[in-house]
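Visitor: I keep running into structural labels and want to see where they come from. Can you walk me through a few?
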Amino acid sequence: MEGSKIAIGILIGVMVFAMLYGVYTSPTHDGISTINATTTTTPGTGLGEPVILHGPASDGLTFVRVPADKAANALLSGEIDYYLSSIAPGQAISLRDNPNIRLYYAASQINGIILNPAPAPNGSLNPFSLQKVRFAVQYIIDRERIVDEIHHGFGTPILVNMVPNHPSYALVKDAVEGLDIVYDADRGNAMIKTAMEDAGAVMVGGKWTYEGNEIVLSVIIPYENVELNGIGDAVSSELESAGFNIDRVYMTRYADSPSDYTDPGELVWNAVVTGWVYYGHSKYEGISFPELERKEGWWVYNNSGIETVKQKLNNYSSMEEWAELNKELAKLYLEDSVGIWVTGKNNVFAARSGVQGLTDDRYVGLRSYGNAREAFVPGKRDIAVGSEYTYEDFNSWNPVVIESISMMDVVNTIQDPPTWDDPKTLEKRHFRASYSIDAVEQDVPRDAFVWNYAVDRWVTAGSGRKAKSKVTYDLSDYIGAKWHHGTEICWADMLYNIASFWDAAYDKDKSVMSGAMWKELFEPIVGLRIDGNRLEVYLDKWSFNDGELLVLDSVLRRSSPLELFAAIDKVVYTDKTLVYDKYNKPKNLDVRAMSLVNASHVQIVLDALDGIKFADIAPYITVSGKTYASEEEFKERSKALKEWNVKHNHLIIGNGPFYMEKYDRKRGTISLKAFRDPSYPFKKGDWREDARNVRVLTEEYPPYNYADEDGAITGMSTDIVKEILTRLKANATIEMMPWSQGYGLALNTTNIALYSTARTPQREGLFKWVGPIARYSYSIYAKKDSGIVISSLDDAKRAASICVNKDYSAQQLLSSEGFANLDLSTNDAGCIRKLADGTASLWVGSPEGLLQVAKGAGVDADGLVEVYALNTEDLYVAFSNGTADDIVRGWQKTLDGIKKDGTYGKLMKKYTQNPQH
């Protein structure tokens, strides 16, 4: 799976760690796991004139601990503005007709159970070691009743890790439904009876025994999560009806569950309830099922068929093959039934109706990334967000491990991820880093580098290496902006973060401290390369799905200042005085998990910082002889880190729209303030879905784009653009303005589409391109009676003056050739008038548009003559570089369709001057 989920507790009742946003998961106390997703004015505060500000819509955001049973009252009273945990079904029913409350429904949680298949020692029997018994459990679970009675209708029965209306479900539907898994207790009990008797078990007094001993199954059930508790009891009751004695083990959020902390082979437990919560959802959701935790030295369960298909999924060659492999994997997992999905729960989120800026995300709900950034209440500077839990003292909270679902909500608000899954299309899209993918086999450049954990330094990737794909991240919105404590984000931060995780994935001593989970991120990387503010990632991997190739997303989304990361690494890996999380710490190490809001832990980190020698960390930030931060800079950054702690009493430092002002331990509140630094690249509105409607600009340039007699914008390029907008159902109005103005907006503003734009080498990296939509040429013109003869560019350089439109590709070409006699204009009409009245000696214009330009300017075209043909170029729609790649791809795909179905040719026939286009 892509990092779009975070384990909320792969085993119910224990804790879940959301490390690196879905890369690493482990059990939570909630019993649920998380899976894997310029300037502006402030909102209407009534406090005077709007102020131009960077950052989020609200000035402050406070996370308030509100128990689930108090959520409705807190909303109605105005204590909180919206509730970020799912409200109970009963409360949802009571609130849905209240005009002061708005409900948001999201299929953002899936619930299931894990059956422990470990073999029992001689003289005893674990029924779940028998595949036929496990498979029979599928039939004795009444999923429909669980949805109706436990979820109160807010859910749907599921057999795989997605609800039936998810776009990927159609790919595996035949395999799933072909197994005919439905509730049929009689059939399931008969299957259990046959399998148990074949294994030598005997039914005595309605209960199963083995070699004279009654079989007792230990089922771990979360105590405080009402719905997961209900699922655990329902499944336990069905198992009791099948003849098993059940020991219901109810686990509180604060207890260490045997399913997390004991080897499955010890058979301390037989089944555990589990749940996953989505923070993002991919359009291409791969098949996954709840599985046993694996730790060094523990008994490991393997299904060779499943493992074989998983390996094939690492090297598929087409979307069709991927779909077939997932179909096969779904069938194998269902037949194996170690992990069983039960229900997809429709979580219900609630907000006061006065809250504006919220996006209705059908798979994530109010946890969607844009909501905290865009939410505001008119007349209020700050908003209050309720959550069932905020930070608790026993949880990890550091740049490597975030423990508990609720804390992920906070961290996702103070950190900006590079990319995210679009809530509407579920396609991967940029968030703070745009990206491009070159999914073809290519040579790895000679100056590419990789991390060598054996010598602890970056080394060249080596000559002759090949990559199947290249991902290029544009990190311009990170590099040069500031961390919350005031220092600039630089390449040293990025390099140290990547090297640290890479090292922990492979270094034997570090991997036992929880690093082994990251190995899958780095295995396909065969080289990295820095190009300006771009990071090129060369992969021994191909995929049609962008998410599968964005392997560094998880690292970049949790990046932290170099000095902080170096200090916490020293504490964990060198000094061993704290660990990143207690779940994976070595058994012989009796130390606490690191929390950077814990004063004593913070002091340990700062002491470690003072003990760092710059020479020890320099290799982590040095590539090809270049060290990306100096020792003096490291000292200054360390000073800023300490000053931050003095002011805020914590070391939680991010790069997002809010910074953490304080954590109130007694009240359980976490107060965030808007990060208004001018270096922050986003403003209110940048995260809203309606902001993704691009602004379409053009100029007066017949016959491609011009205003007709009624003032309507038309032309051969315009007709194509209008057809694209119609097919995309995009709500966009085409605006006409001088070329230089539109060109400047496209260079410096997000979500601009500028046409008709010549795609030239000088412009190639300045925009994202869709086309070609037409083709045009441009020439040098003189008055017929001027006697001017131009045989070369040198002849043109000697002319008194050449009028040309500013920022046209012709102007850029001539400027690059050293022309010093250019007379720059804002439109062709002005230029052609200058030529006609003798103010300019020459004019650069297009033969295709000559007649219309001359007519519009009141100039007789017959008095002009072409004296030199300059160039012929393709015309495109140029999108500003900040525009999401999926928008650009959507336009290109639509244009390709217009050409393929013949519409393009029909539209071009209207323009007799250039019918071949």
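This is a predicted model: local features need pLDDT of at least 70, side-chain atom pairs count only at pLDDT 80 or more; totals for chains, interfaces and linings use all residues.

Visitor: What makes the contact between them?
Guide: Helix 19 brings Val 602, Leu 606, Leu 609 and Asp 610, while helix 21 brings Phe 634, Ser 638, Leu 641, Lys 642 and Asn 645. By class, that's 5 nonpolar, 2 polar and 2 charged residues.

Visitor: Phe 634 has a ring partner, Phe 614. Why is that pair called tilted?
Guide: The ring centres are 6.0 Å apart and the planes sit at 55 degrees. Pairing needs centres within 6.5 Å, and stacked means under 30 degrees and edge-to-face over 60, so tilted is what's left. Phe 614 lies in helix 20 and Phe 634 in helix 21, so the pair ties together parts 20 residues apart in sequence.

Visitor: How do you know whether Phe 614 and Phe 634 are buried or exposed?
Guide: Phe 614 has a relative accessible area of 13%, and Phe 634 comes in at 6%. Buried means under 20%, so both values qualify.

Visitor: How many aromatic pairs does the structure hold?
Guide: It holds 45. One of them joins Tyr 391 and Trp 397, tilted, at 5.4 Å and 45 degrees, and both residues are buried.

Terms used: Residues are numbered from 1 along each chain as its sequence is written. Side-chain values use heavy atoms; hydrogens and water are left out. Contact means heavy atoms within 4.5 Å. Helices (H or I, at least four residues) and strands (E, at least two) are DSSP runs, numbered from the N terminus. Ala, Val, Leu, Ile, Met, Phe, Trp, Tyr, Cys and Pro count as nonpolar, Asp, Glu, Lys and Arg as charged, and the others, Gly among them, as polar. Buried means under 20% relative accessible area, exposed over 50%, partly exposed in between (1.4 Å probe, protein chains only).
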